[in-house]
Each structure stands twice: as C-alpha cells, then as structure tokens.
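Colleague: I am new to reading models like this one. Could you pick a single part and walk me through it slowly?

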Amino acid sequence: MAADARSIIEDLYAALGARAFDRVAALYADDAELVRYDGAAHGPTEIAEFYERYISNHGTYALRELVQFRAVDDVILWDALVDTDAGILMTYDVVVTDGQGKIARHVPTVRGYWGQ
C-alpha cells in the first residue's frame, strides 16, 4: 500500500499544480466525498470543481516537501509543504481509499501559511 499511497499523493499534487482538474477527478471514486469545515464535495466532478476554485486563490501550487507520511491498510495520512504565490502552505490530509486505488474519502486541511 505504501508505494500506491505515495503515487496517489504525487499524482494529486502534480494534477493540482498543472491545473489538470480532469486528472484530479480521475483519482476519486464515483461516490467519493471531500469534507472540510467550509463545505463538502461529492463525486469526482464536484471535487474537481472544489479544487479549481481553491487553486485559483493560490496561483502556483507545487509540492515542496512531503513532511510526514503514513499509510495503513486503506488510510493515508500526510503533512506537506506546498509552494504558492502567497508563500508556503502547510497542509495536512487524511484519505481513505476504496481498495481499487481510488480516493473514497478525503479530509484536506491547512495547518499554516508562511508569507513571502
């Protein structure tokens, strides 16, 4: 699972950085849910639309470093530093996969922002 988990993370950041929201959608199962304090998105299309709005507020969005990583069974946890136009963003994510290599549940959060 760890190798697959890392590729899910790398594929997600690569797609977000490229603003390839169709590739983002392809990472999620048909019944996937993304849940944040400011709302939820259901299914790949809504999740891609959520990320399109989210990324439009950050400009550049590139993975700088995967700080912490843990994969156990179908759960993936990670902290990452992400370069944006406004500075470095520290994120914390929890993902549950569906057993088919797709994201079924995703809770993305922001831990901090360091301006330039």
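Modeller: Happy to! Let's look at threonine 91, which lies in strand 5 (residues 87–97); helices (H or I, at least four residues) and strands (E, at least two) are DSSP runs, numbered from the N terminus. This is a predicted model, in which local features need pLDDT of at least 70 and side-chain atom pairs count only at pLDDT 80 or more, while totals for chains, interfaces and linings use all residues. Residues are numbered from 1 along each chain as its sequence is written, and side-chain values use heavy atoms, leaving out hydrogens and water.

Is threonine 91 buried or exposed? Threonine 91 counts as buried because its relative accessibility is 3%, where buried means under 20% relative accessible area, exposed over 50% and partly exposed in between (1.4 Å probe, protein chains only).

Now for its neighbours. Not counting residues up to four places away in sequence, threonine 91 touches Tyr13, Tyr61, Trp78, Asp79, Ala80, Val82, Thr109, Val110 and Arg111; contact means heavy atoms within 4.5 Å.

Next, the strand itself. Strand 5 pairs with strand 4 in the antiparallel sense over ten bridges, and two strands pair if DSSP finds at least two bridges between them. Strand 4 and strand 5 form a hairpin with two residues between them, and threonine 84 has glycine 87 in strand 5 as its bridge partner. Strand 4 is mostly covered, with seven of its ten residues buried. On its other pairing, strand 4 joins strand 3 (residues 61–72), again antiparallel over ten bridges, and here leucine 81 of strand 4 stands opposite glutamate 65.
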